[in-house]
2 protein chains.
Amino acid sequence: MRMSELAAASEVPVATIKYYLRERLLPEGRRTSATQAVYTDDHLARLGVIRALLAAGVSIARARDVIAALDSPPSGPYDLLGVAHSAVAPEGRPVGDPTEARRLYERLGGAADECEPGLLAGLAQSLDTLKQAGFTVPPEVLETYVTAARRIAEAEIDGIPTGSPESAVEYVVLGTVLTEPLILALRRAAQQVVSAERFTGDDAGRSGAEA
Amino acid sequence: MRMSELAAASEVPVATIKYYLRERLLPEGRRTSATQAVYTDDHLARLGVIRALLAAGVSIARARDVIAALDSPPSGPYDLLGVAHSAVAPEGRPVGDPTEARRLYERLGGAADECEPGLLAGLAQSLDTLKQAGFTVPPEVLETYVTAARRIAEAEIDGIPTGSPESAVEYVVLGTVLTEPLILALRRAAQQVVSAERFTGDDAGRSGAEA
């Protein structure tokens, strides 16, 4: 199909497609003349992936890394996870003391010395944000986070498709990056559900404030 | 303390403090002359909260809402959650078909008709992102997300401090907003831990790719 048809099929404006081409997020089409090229269903599928990554808050530069991984798959699950994790890793200053982050990693069942520095930095940074605000996660809640993270990871890793390297790459890389908004949205919705169960028609016990 | 001392104690530059004052994130100090004001430990604590919110990716406008909630607490857990949820709600176009989002809400144990429109939109948007990318979460993994979200919410809601309205507000609003990076960081770390357990020294079973 021609670029105008690709734009119509994908609902992505021509100008945006040209931008993705310049940024090397989308591979060039096959040239049919000096000014024309044709595109395939692979381009259409790739546009869907690009839009989803950007919608999930991944930067252009990181989206390019993710897409490079889809095009030339790294060799093992570790490297795949590495690409996925670096796409979503927080950007920002490294944080000083990793002691508590190391402890959390051990509670997940890992050996802190073997933890990727970037992952440890991400954990440390998230803990530092809480500390800055003077906010302490109650121990039972933190324990629940650790257990839930471990269960989620088990289900995800066990679900890696074994059919082809391509499908494994797509599953690990996109599955890690793109499901973060879903997990957070589910947690917010669950908070409302549980809050309704606990408090419906009875806010009086809390503070005496008017309804 | 004077502004220079507040800057030293908080490690926030004077220019940044002035910006927070202009943006009404930080309340004015008590004026001692036309050009001078004094600040208290409350200002210092508030600076920690502001930095943590911005570090967690909350916008200035939404940080202002969160802080307004801390200053004049809404009356019940529902309203508290509302403030927290709107601070972290995705910005973007509303998504068409909420059918699957409604179904997920019901699986969490809620009645979809009673779900906040914003929460439902957030769920629908996160599902739409996956759909755009042509990515399907395997049913067992989705089931694990739902169960984990529900467990996390139960621990969180049960942990709401009952001592004072102020502590409840701080817990719900900051606990919801600021712990998102921690939950995601724990999940990434857990993926690495579980991946190491499953694949260490044995990538061969996957694809025959070289190590």
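Guide: Between them, chain B and chain A bury about 8,100 Å², and 67% of that area lies on carbon and sulfur atoms. The size of an interface is often given as the accessible area lost when the parts come together. Please bear in mind that this is a predicted model. Counted by residues, 90 of chain B are in contact with 90 of chain A.

The polar side of the interface may be taken next. Ten salt bridges are counted between chain B and chain A. In one salt bridge, the side chain of B:Arg150 meets that of A:Glu197, at 2.8 Å from N to O. The rule for polar contacts finds 23 residue pairs across the interface of chain B and chain A, with both residues at pLDDT 80 or more.

Which elements of chain B give two or more residues to the side that touches chain A? They are helix 3 (41–55), helix 5 (77–88), helix 6 (99–107), helix 7 (117–132), helix 8 (139–158), helix 9, helix 10 (180–199) and helix 11 (204–207) of chain B. Of these, helix 10 of chain B gives the most, with 20 residues.

Aromatic rings also deserve attention. Over all chains, the count comes to four aromatic pairs. One of them joins A:Phe135 and B:Tyr171 in a tilted arrangement, with 6.1 Å from centre to centre and 35 degrees between the planes. This pair crosses between chains: A:Phe135 lies in the loop between helix 7 (117–132) and helix 8 (139–158) of chain A, whereas B:Tyr171 belongs to helix 9 (residues 165–178) of chain B. Both A:Phe135 and B:Tyr171 are buried.

Another tilted aromatic pair is formed by B:Tyr19 and B:Tyr20, whose centres are 6.0 Å apart and whose planes make an angle of 45 degrees. Here B:Tyr19 has a relative accessible area of 31% and is therefore partly exposed. B:Tyr20, by contrast, has a relative accessible area of 7%, so that residue counts as buried.

A word on confidence is in order. The mean pLDDT of chain A is 84, with 87% of its residues at 70 or more. Over residues 202–211 of chain A, however, pLDDT stays under 50, and for this stretch the model has 15 contacts beyond four places in sequence.

Methods. Residues are numbered from 1 along each chain as its sequence is written. Chains are lettered from A and ligands numbered from 1 in the order in which they are written. Side-chain values use heavy atoms; hydrogens and water are left out. pLDDT is the predictor's confidence in each residue, from 0 to 100. Contact means heavy atoms within 4.5 Å. Rings of Phe, Tyr and Trp (its six-membered ring) pair if their centres lie within 6.5 Å; planes under 30 degrees apart count as stacked, over 60 as edge-to-face and the rest as tilted. Helices (H or I, at least four residues) and strands (E, at least two) are DSSP runs, numbered from the N terminus. Buried means under 20% relative accessible area, exposed over 50%, partly exposed in between (1.4 Å probe, protein chains only). Buried area is the accessible area (1.4 Å probe) that two parts lose on being put together, summed over both. A salt bridge is a side-chain nitrogen of Lys or Arg within 4 Å of a carboxyl oxygen of Asp or Glu. A polar contact is a pair of N or O atoms within 3.5 Å; within protein, one must be able to donate a hydrogen and the other to accept it, and residues adjacent in sequence count only if both atoms are side-chain atoms.
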